[in-house]
Amino acid sequence: MAEIHGTCEDRFGEVRDLLAASLAKDDVGASVAVYLDGEPVVDIWGGHADVARTAPWERDTITNVWSTTKPMTALCALILADRGELDLGAPVAAYWPEFAAAGKEGVLVRHLLAHTAGLPIWDEPMTVEDLYDWPLATTRLAAQAPLWEPGTEAGYHAITQGFLVGEVVRRVTGRSLGAFFAEEVAGPLGADFHIGLPAEHDPRVAPIIPPHTPFAPPSDMRANPVVRPEDVNATGWRRAEIPAANGHGNARSVALVQSVLACGGTLHGVRLLSEAGCARAVEEQYLGLDRALGMRMRYGMGYGLLEPRTCFWGGMGGSLVVIDLDVRMTVAYVMNQMHAAVDDRGMNFVLAAYGGLSS
């Protein structure tokens, strides 16, 4: 069994044992965190930061978490809404006038958060490098027509959601999404999570390891641009702000930030949201088939919904965060080895954490 580092309360021993077993079989390097009432009851890590298994995964190792970035972006929007600076029920064009083009006058901010805006991909051909150009990416989205009547259907906005919500945040605050997150969320909480990674952190990054077999998306799911696992290890990707997919952190930082929701908006003396502001995350916006994912989904305000007051999201290849507002618990799993098939690694840690609660 792999050696596990960090701290873990005895009642959550199954979480520690699962990580050891996963590192011996499915993972190369990984971290798991469980926060309860805003405090870490599990903060563990192990394995290696590189595919050659020569560099250990350390306490401060971070990696690209793919779409586990989305809850960070959603939290920024919820904070602005709670402050009265952003109306989630208002047209996007009220903040971003150019967005009204091509029949999008009726697209609401909440449609962006719930993947129902009809803009799951760019119409014009895009390269990965185009994602590094914020004005280009957002201008193209503002100009194109929705693929369906906004608010009536859902189709996972895998990359576009971050640019859409991020541009609204920029128009409201005058700051980029990454800057707002750093100054208003990560900084006050002391969270080691970054949307747009400064070069000084590069030595701590565990490169993403592609899955052993390619992903097989639903036959009707198009990607534009196509982002390959190895693309996220490029310097350009790290420096850019891609608020749906290029956040860098570890399980500790993911769980710490999202514990704001689990704890009613105040964490370690830092108030980011009101209780009512937290509850907005779990307001159901859509229930039905997601035409991009090819499966039934239940979307809240920037999060997927599991139970009435439990929300979640995960990243391509395996990372995951689950936030339970009723038991005030957050569980996060971050790793560098991606999986292509149905991946239950993250959810196994969540189930083990609930088992610890009842012990």
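Start with the largest cavity, which has a volume of about 40 Å³. This is a predicted model, and the count comes to one cavity of 30 Å³ or more.

Colour them by class: the lining has four nonpolar, two polar and four charged residues. Now show strand S3, residues 39-47, as a cartoon; S3 and H8 each supply at least two residues of this lining. S3 gives the largest share, three residues.

Stay with helix H8, residues 251-262. Two helices pack on it, H2 and H6. Two packed helices are described by the angle between their axes and the distance between the axes.

Select helix H2, residues 70-82, together with H8. Their axes come within 11 Å and cross at roughly 30°. Angles under 35 degrees count as roughly parallel, so H2 is roughly parallel to H8. The crossing of H2 past H8 is left-handed.

From H2, pick Pro71, Met72, Leu75 and Leu78. Facing them in H8 are Ser253, Val254, Val257, Gln258 and Leu261. By class, the H2 contact with H8 has seven nonpolar residues, two polar and no charged ones.

Because 65 to 115 degrees counts as roughly perpendicular, H6 is roughly perpendicular to H8.

Here, select Phe181, Val185 and Leu189 in H6. Their partners in H8 are Leu256, Val257 and Val260. The contact of H6 with H8 has six nonpolar residues, with no polar and no charged ones. Leave Val257 highlighted: this H8 residue takes part in the contact with H6 and also in the contact with H2.

Two backbone stops remain. Most residues other than glycine have a negative phi, and most peptide bonds are trans.

Go to Trp66, in the loop between strand S4 (63-64) and H2. What is the phi of Trp66? Phi is near 55°, a positive value in a residue other than glycine.

Finish at Pro225, in the loop between strand S5 (194-195) and helix H7 (235-239). Is the peptide bond from Asn224 to Pro225 cis or trans? The bond is cis, with omega near 5°.

Methods:
Residues numbered from 1 in each chain as written. Predicted model: local features only at pLDDT ≥ 70, side-chain atom pairs only at ≥ 80, totals over all residues. Heavy atoms only, no water. Axes fitted to C-alpha atoms, helices over the stretch in contact; angles between N-to-C directions. Helix = DSSP H or I, 4+ residues; strand = E, 2+ residues; numbered from the N terminus. Parallel < 35°, antiparallel > 145°, perpendicular 65-115°, else oblique. Left-handed = near helix turned anticlockwise from the far one by under 90°. Contact = heavy atoms within 4.5 Å. Nonpolar A, V, L, I, M, F, W, Y, C, P; charged D, E, K, R; others polar. 1 Å grid on protein atoms, 1.4 Å probe; cavity = no way out; pocket = protein on both sides within 12 Å on 5 of 7 lines; lining within 4 Å. Points joined across faces, edges and corners; volume = space filled by probe spheres on them.
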